[in-house]
Every structure is written in C-alpha cells, then in structure tokens.
Amino acid sequence: MASSAQLTAVMSSWMYLWFPDMYLHSLMTDSADTRSPCVLLSERQHVLQLTDTARTAGVQPGMSLASALLLCPELVIHTLDSTYHQQLLTQRALWACRYSAQVYPDSPQGLWLEIGSMLKLFGGLRNYWRQIEQECLRQHWPVQIATATTPLAARWLALSDTGRPTLQAKELRPLIDALKLEDLQLPHNQLLNLQRLGICTLAELRRLPLAETGRRISPDLMHQMQQLDGLRQYPMTPFQPPLTFSDSALFSHDVEHRNGLFFPLSRLLNSLSGFLHHHQLSVRWIDLSIQHRDQPQTHWQIHFARPEYRYNELIQLCRYQLERQQLPAPATALNLNVERFCPRASEQAELDNSEAGHQKQSINLLNRLYSRLTERQINNLQTTGDPRPEYAWNIATPTKHHTDSAPTRKGQWPLWLLATPVAIPEPDLSPQTVVHGPVRIDSGWWEHVQIRRDYYQLFQHQQLLWVFRDDQGCWFLHGYFS
Amino acid sequence: MSSIHNTNTLGQHFLRGQVWRGDQIPELSRATVLDTGHPELNRELPAQGWRAGQVCEIYSQSAGCGEVSLLLPALAKLSQQERWIMLIAPPAIPYAPALSMAGINTRHLLMVHPANHKEALWCIEEGLRSGQCSAVLGWLNAIDNTSVRRIQLACEEQQNYCWLWPGQNAGHKASAAPLRMNVRRHSAREAAVQFIKRRGSWPSNEFLLPLWPVQHN
C-alpha cells in the first residue's frame with residue numbers, strides 16, 4: 001500500500017537532454033571546424049571526446065594520445081578544463097530555463113527538464129519536443145532527447161538515443177525494456193557482472209527478483225531499478241541561476257575579424273535571453289570582453305536605450321554596435337558579462353501611461369538609433385515659455401516622459417534659430433525691407449543674462465530674416481523664416 | 001503610311017512599359033493623401049495633396065525661402081499621431097515656439113544629428129523602415145540617385161512621408177524621387193513654387209504660394 005502511494009507521488013513528466021561531446025562541440029565556432037579531426041584529452045592524456053572525422057580515422061575514446069596521434073597525425077588536440085566544462089553545462093541549463101521552470105543539471109553533459117507543467121503552454125509534447133530539437137540544431141548542439149515518467153527512465157532512454165515523444169506507459173514500456181545495459185553508463189564491474197550472467201537488456205534484468213539483484217549484484221542497481229519505476233526518489237539538485245550573468249566562448253582558432261564574433265555571441269545572447277526570461281528581468285547594457293593572445297583584454301560595452309530581453313532584439317542591437325568596432329588583435333575568447341538588471345515590472349508601469357502605445361513602439365526605433373549614435377545626437381524639443389529666444393526652447397531626452405510644454409507666446413517666430421546670433425552690418429530699414437517690427441524683447445533681469453533687443457523681420461535678397469539690434473546698436477542675424 | 005508605323009511603335013512601347021500614361025496610374029486611387037493645408041499646392045499636386053509613400057525633394061537657393069514653412073500644416077496634422085516625426089540634420093535649431101504656433105506637437109519631434117553623410121542616410125532609412133515615424137525630414141549636403149532610390153523604397157514600403165532638402169545645386173540631375181520642387185521667396189509673404197517633377201503629371205509652371213497662414217493670433 002505504501003509503495004503504491006509513493007508511486008503516484010513520484011510519477012511525473014520528465015525530459016532528458018544529453019549533449020554528446022558537449023565540450024568539444026562548444027570549441028567549434030563554425031561548421032568549417034568540424035571537418036578537421038579534433039579530440040579532447042583528459043588530464044591523464046586519454047581521449048575523452050572526439051569528432052566524427054577523428055572517429056573515422058580510427059581514434060576511439062579511452063585511447064592514449066600517442067596511439068591517437070599515430071592513427072591520425074593531423075589531429076587537433078584540446079585539453080579538458082573542468083571549470084569551463086561546468087560553465088558550459090550552466091550555459092545550457094540557462095538556455096533550458098526558457099523551456100521549463102524546473103531544470104536539473106546532470107554533470108557532465110545532461111539536463112533534466114520537468115515538462116508536465118509546460119506541455120499545455122507549448123501546445124503538446126510533440127511541439128515541445130520539436131521546438132527543443134530545432135533550437136539545438138540551430139545552435140549546432142548535437143543532442144539526444146528522451147521523455148519518460150521518471151527521471152532515470154528519461155536519462156537512460158536519452159543515453160541510448162531511443163527516446164520517442166511520448167509519455168504513455170504502454171508505449172514507453174517496450175522502449176525501456178529494449179534498453180541495452182552497455183549503453184547506460186553503469187559502473188564497469190557492475191556491467192561485467194551482469195554480462196557474465198548473460199544479461200544484456202533491461203527486460204532481462206527486470207525478470208530477476210529485485211531483492212536478489214540487490215543482494216547478488218549491487219544494492220545500487222536495485223535502487224536504480226526502483227528509481228526507474230518511480231518507487232524511489234532519484235536524487236537531483238535543481239538549477240539555481242546566478243544573479244550575475246557571465247558566460248564565455250573559447251575559440252579553437254583565433255578570430256581575426258569582428259564578424260567572426262557574431263556566431264559565438266549569438267550563442268551567449270541566447271543563454272542570456274533564457275536567463276532573463278527565467279528571472280523576468282531586462283538589461284540596459286552588456287559588457288563584452290575579448291581576450292587576445294599577447295595583449296590586454298578589449299572591453300566593449302553595449303548600451304540599449306530601453307531595457308531589453310528578447311533574443312532577436314539583443315542580437316540585432318549588438319550587431320549594429322559591433323559593426324562600428326574594430327578588433328585590435330585576433331581574439332581567442334569572448335566573455336559576456338551582465339551585472340545589473342532592471343526588473344520588467346517597472347516597464348509595465350510605464351506602459352500604463354497615456355502615451356503607452358507610442359512609448360512602446362518607439363523603444364524599438366530609439367534602441368536602434370542609440371546603437372549607432374550617441375545620446376547627445378538624438379533629442380526632443382520642448383518649449384519653456386521664456387520670452388528670450390535662446391531660452392524659449394529646451395532639449396529633452398526622448399526616452400523620458402516629459403511634462404507638457406509651456407504655452408507658447410503669441411507672435412511671429414522664425415522656424416530656424418541660429419545657435420549664436422551672427423553679427424551683420426546695419427541693414428536698410430526702408431518700408432520695402434521691414435516686414436514686421438520692431439518687437440522689443442526685454443527680459444531676463446532676474447538672472448544675469450538680461451537681454452534688451454529690438455527684433456525685425458527683414459525681406460532681403462529673397463530671404464526672410466529675423467534680425468535684432470541690441471542696446472549697443474549692433475545688428476545680429478538670429479534666424480530664418482525658412 | 002508612316003503614321004500607322006508610328007502608332008505601332010508607340011503601342012510597342014506601351015506594351016514594354018517604357019511609356020506610362022498619366023491618367024492611368026492605379027496607385028493614385030488607393031493611396032493615403034494628406035492635405036497640404038494650401039489650396040494652391042493641393043491643386044498642383046497630382047494626388048491633390050501629399051501622397052504617402054512618395055519622397056519629395058525640395059530645392060531652395062538659401063535658407064529663409066519658405067522651403068520648410070510650406071510643410072507646417074501637414075506636419076501639424078502628422079504630429080497628432082502617436083508616432084515620431086524625425087528631423088535629420090536640420091541646418092539650424094528648429095525653433096520650438098514657431099513649431100508650437102503652427103500647431104505642431106513638439107513632443108513627437110525627434111531630432112537626430114548624425115556625424116556624417118553616411119550616418120544621415122542610415123538614419124533616414126532606419127526611420128522610414130521602422131514604421132514608427134509618420135514622417136522623416138532630412139537635410140543633406142549632397143545626394144546620389146542610389147540613395148534616393150533606397151529611401152524611396154523604404155518610404156513606399158511603410159507608406160509614410162519623406163521630405164528631403166538635398167544640396168542646392170543637385171536640382172538639375174535626375175533623381176528617383178517622385179516629387180521634386182523648387183522653392184524661392186517671391187515676397188515677404190509668398191513663395192514661388194515650381195514642380196520640376198511630379199509623378200502622374202508634367203512639370204508645373206511656377207506658381208505663388210501664400211505663406212503666412214500659420215499665425216494663430
């Protein structure tokens with residue numbers, strides 16, 4: 001009775017993603033790299049992961065470096081950096097946060113996703129599966145996917161690459177039974193014991209009484225069989241995304257031109273976007289640091305006019321800004337750091353304003369303009385109500401809400417104002433030339449910039465000009481009626 | 001005999017689309033048209049107003065000819081929309097009180113000061129393509145036909161308005177802009193306007209345009 005109650009409690013929907021040779025693939029920045037044979041060595045100089053081209057040359061996992069080099073002299077060799085390996089898995093877990101609220105990393109290169117609560121949102125298991133598959137393909141991540149009702153079953157199905165998009169017990173059962181024990185990454189001596197007994201598939205193992213398995217082969221295996229059926233909890237640690245975002249891409253070949261950075265950058269932005277999605281945050285700027293072989297790092301900061309979190313926008317904006325940059329030297333690695341985030345809630349509050357539609361729409365255009373121009377190059381006009389022409393207008397930042405402009409003073413004003421009045425010789429003040437004026441502007445006594453001027457509209461040389469005479473009797477051109 | 005021959009060749013030209021007939025422009029009927037606010041100008045424009053999706057080039061010998069004022073009624077209407085009116089590289093400070101007086105909502109004016117010609121062209125295109133601008137106004141030192149064609153395409157795509165003030169002496173060169181006009185000040189309150197190109201009609205004669213309806217006293 002107790003076991004059946006436990007059974008219903010543990011049953012749920014799981015997806016397992018297994019990224020074969022994850023470390024090695026992450027070093028390939030483009031498809032050209034995959035053509036050269038490439039291996040990853042453990043600290044003890046044994047082959048851990050290898051590309052298909054290396055495999056066809058006869059290299060096998062577990063081989064020593066010397067024998068691998070004998071088989072394939074042109075081999076490109078990378079050595080495992082375990083912190084980077086961990087970081088890679090974190091990167092994938094961040095990405096997976098876009099697809100599931102509960103992600104459980106499985107070191108070294110697997111992920112569990114709780115999918116029961118997600119299927120409705122994504123329109124069913126088949127759609128969900130297809131989206132994940134396509135996204136992995138787009139990122140050039142080889143992946144083996146499986147779904148099952150227990151974490152371990154999903155993991156084993158993914159390891160042997162026999163997963164199907166189903167959660168039905170009667171469809172899963174034959175798949176699980178057909179699993180070959182040698183594919184399940186069991187400890188070596190356990191596997192050997194089983195093989196000696198003539199047991200090769202999971203169906204055969206299941207036929208043994210469970211208690212006997214525990215006593216004769218290994219208690220661990222017994223536990224695993226119970227976990228497989230959901231009779232025992234499988235130990236997993238949920239993924240806790242960090243609240244600073246830092247990610248990097250190492251290059252197997254030096255990248256000489258900034259265009260070469262786009263592809264690795266798009267991967268980094270993709271996981272950033274997943275991170276932002278999970279936390280419901282946005283970013284105002286991101287820091288890129290680029291490592292060089294013999295030079296100090298290059299730092300580029302990319303600003304956005306408005307907080308952004310969507311992948312497509314992020315990549316577009318970064319592209320605009322990178323187009324203006326030059327790499328000072330070939331790059332060996334790219335880091336993306338974000339330490340400050342803005343909550344998305346504040347953005348919501350702003351949208352409640354009356355100008356909501358306009359604001360929301362304009363964000364996009366402004367963001368694009370800011371990506372290429374500086375803040376000083378883009379502005380917005382406001383009237384202040386000051387009678388002095390120099391102070392009658394104000395420049396505002398277009399991203400901010402500003403209060404309504406002050407009412408305008410009645411009068412005939414020129415359309416173009418010169419930033420500084422230009423001295424001119426005394427004009428001819430005949431009735432043919434003077435169209436309007438003089439209008440005296442005498443103001444500003446409360447500040448130290450008092451002006452006392454007589455303004456005229458003059459029609460001269462087929463132009464309508466706005467000129468004034470100051471209290472010293474000097475003449476200046478101050479604007480055009482364009 | 002020769003006249004039959006002539007009509008035949010003209011027919012062939014029609015078939016190849018090398019000759020178009022002014023009265024058969026299908027696009028005129030379904031386009032959005034914006035009242036210029038000047039009856040004299042409406043009368044001369046083939047669409048009876050500014051047609052959306054058409055770049056208009058305005059040439060003047062110098063500033064102060066009324067080359068911008070003639071747009072004020074149209075801009076006043078456009079500025080009521082919740083979209084930007086982009087001013088790219090204006091030659092002087094657009095004087096906010098004058099704009100307000102003309103009924104323009106200055107909140108929707110976005111001024112951009114690009115560092116160079118290339119950046120200016122980029123801004124114009126970006127503004128037009130974004131669909132977030134009701135109009136784009138650009139002042140350029142010089143302009144080549146390829147850029148105009150690109151700008152025209154962007155303008156047509158989003159069906160917004162675009163007025164350009166290219167350098168003074170480019171007026172005699174060919175351009176892809178559907179509308180091109182010369183503006184000169186005739187008197188203190190009048191501009192003399194001449195269309196050197198109007199899609200859908202012939203170039204116009206010079207006509208006078210009263211330019212002081214904007215004061216709201």
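Predicted model: local features only at pLDDT ≥ 70, side-chain atom pairs only at ≥ 80, totals over all residues.

**Entry 1: getting my bearings**

I started with the inventory for chain A, and it lists 17 helices and 19 strands. Next I looked up burial, and 32% of the 482 residues of chain A count as buried.

**Entry 2: two helix pairs that share H14(A)**

I picked a pair of helices to look at. Two packed helices are described by the angle between their axes and the distance between the axes. My pair was helix H5 (residues 82–96) and helix H14 (residues 259–279), both of chain A. Their axes are 7 Å apart and the packing angle is about 55 degrees.

Which residues make the contact? From H5(A) I listed A:Gln91, A:Leu94 and A:Trp95, and from H14(A) I listed A:Asn270, A:Ser271, A:Gly274 and A:Phe275. By class, this contact has 3 nonpolar residues, 4 polar ones and no charged ones.

Then I followed H14(A) to another neighbour, helix H15 (residues 311–322) of chain A. Here the angle is about 145 degrees and the axes are 10 Å apart. The crossing of H14(A) and H15(A) is right-handed. H14(A) brings residues including A:Leu261, A:Phe262, A:Leu265 and A:Leu269 to this contact, while H15(A) brings A:Leu314, A:Ile315 and A:Arg319, among others. I sorted the contact of H14(A) with H15(A) by class and got 10 nonpolar, 3 polar and 1 charged.

**Entry 3: the strands around S9(A)**

A reminder for myself: strands of a sheet pair through backbone hydrogen bonds, either parallel or antiparallel. I looked up the partners of strand S9 (residues 281–292) of chain A. With strand S10 (residues 298–308) of chain A, S9(A) pairs in the antiparallel sense over 7 bridges. How many residues does the hairpin from S9(A) to S10(A) run through? It runs through 5 residues.

S9(A) is also joined to strand S11 (residues 331–338) of chain A, by 6 bridges, and these two run antiparallel. I found A:Ser289 handy for keeping track here. A:Ser289 stands opposite A:His299 in S10(A), and its bridge partner in S11(A) is A:Asn335. Last, 2 bridges join S9(A) to strand S12 (residues 342–343) of chain A, again antiparallel. There, A:Leu281 stands opposite A:Pro343.

**Entry 4: where chain A meets chain B**

How many residues of each chain are in contact with the other? I noted 43 residues of chain A and 41 of chain B. Among the elements of chain A that each supply at least two residues to this side are helix H17 (356–372), strand S13 (378–383) and strand S15 (416–424). The largest share, 9 residues, comes from H17(A). The side of chain A that touches chain B has 21 nonpolar, 17 polar and 5 charged residues.

One of the partners I jotted down is B:Pro94, which bridges to A:Trp416.

**Entry 5: a sheet with strands from both chains**

I traced an open sheet of 10 strands, in the order S14(A)-S13(A)-S6(B)-S4(B)-S7(B)-S8(B)-S3(B)-S9(B)-S10(B)-S11(B), with mixed pairing. Its edge strands are S14 (393–396) of chain A and S11 (207–210) of chain B. On average, neighbouring strands of this sheet are turned by 30 degrees against each other, direction ignored.

Inside this sheet I zoomed in on S7 (residues 133–139) and S8 (residues 161–165) of chain B, which pair in the parallel sense over 5 bridges. B:Trp139 has B:Trp165 as its bridge partner in S8(B). Helix H6 (residues 117–130) of chain B lies across S4, S6, S7 and S8 of chain B, and runs at about 165 degrees to S7(B). Helix H7 (residues 145–158) of chain B packs on the sheet too, touching S3 and S8 of chain B.

Key:
Residues numbered from 1 in each chain as written. Chains lettered and ligands numbered in written order. Contact = placed C-beta atoms within 7 Å. Helix = DSSP H or I, 4+ residues; strand = E, 2+ residues; numbered from the N terminus. Nonpolar A, V, L, I, M, F, W, Y, C, P; charged D, E, K, R; others polar. Pairing = 2+ DSSP bridges. Axes fitted to C-alpha atoms, helices over the stretch in contact; angles between N-to-C directions. Left-handed = near helix turned anticlockwise from the far one by under 90°. Buried ≥ 20, exposed ≤ 12 C-beta atoms within 10 Å, placed from the backbone.
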